[in-house]
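Have the sequence and the 3D view handy as you read.

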Amino acid sequence: MSAYVPAALKRLIRTRFGDRCAYCRSAEDLTATQFEIEHIRPRADGGETLYDNLCLACPMCNRFKSDSASAIDPVTNESAELFHPQRDLWIEHFRWSEDGTEVIGLTASGRATAEKLRMNRASMVRVRRMWVAMSEHPPQS
């Protein structure tokens, strides 16, 4: 079941995230799809349709995240809270690989999020490689 998000709130969220996925940082205009307004704390877990609980997500990150709020950190094998795009700074939890094609988790939250959302699946790395060659990636901010 989807929650109604008013158009004005959608515009605020799009502006806040610069028309990029809040998780993998892909630019919407480099894809052939429309990004979605995503509930950071899932509605199934009581998350509300409020600015502080919404972000812009590419369809793949949104699908893989689903209604999860935590995942297993592949380094510690312990549960970690997923990255919260409204509260956390991306650069504190992630960095780009040297060639700009992979998202590297720096914290338990970053690693768990990268793993859960499958940010480095082969098809995404391949697409990023093309974006890098076009000088369109990685994002500078």
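What follows is a short tour of the salt bridges in this predicted model.

## The overall count

How many salt bridges does the structure hold? The count comes to eight. A few of them are picked out below.

## A link between a helix and a strand

Start with arginine 63, which pairs up with glutamate 36 in a salt bridge. Their closest N and O atoms sit 2.7 Å apart. Arginine 63 belongs to helix 2 (residues 59-65), while glutamate 36 belongs to strand 1 (residues 36-39), so this pair ties together parts that are 27 residues apart in sequence.

## Two more pairs, and how exposed they are

Next up, arginine 41 and aspartate 45 meet through their side chains in a salt bridge, at 3.6 Å from N to O. Aspartate 45 has a relative accessibility of 42%, so it counts as partly exposed. Arginine 41 comes in at 43% and therefore counts as partly exposed.

Then there's the salt bridge between the side chains of arginine 87 and aspartate 88, with 3.4 Å from N to O. Is aspartate 88 buried or exposed? At 16% relative accessibility, aspartate 88 counts as buried, because the cut-off for that label is under 20%.

Which residues are linked in a network of salt bridges? Look for Arg14, Asp19 and Glu28, which are joined in this way.

Key
Residues are numbered from 1 along each chain as its sequence is written. This is a predicted model: local features need pLDDT of at least 70, side-chain atom pairs count only at pLDDT 80 or more; totals for chains, interfaces and linings use all residues. Side-chain values use heavy atoms; hydrogens and water are left out. A salt bridge is a side-chain nitrogen of Lys or Arg within 4 Å of a carboxyl oxygen of Asp or Glu. Helices (H or I, at least four residues) and strands (E, at least two) are DSSP runs, numbered from the N terminus. Buried means under 20% relative accessible area, exposed over 50%, partly exposed in between (1.4 Å probe, protein chains only).
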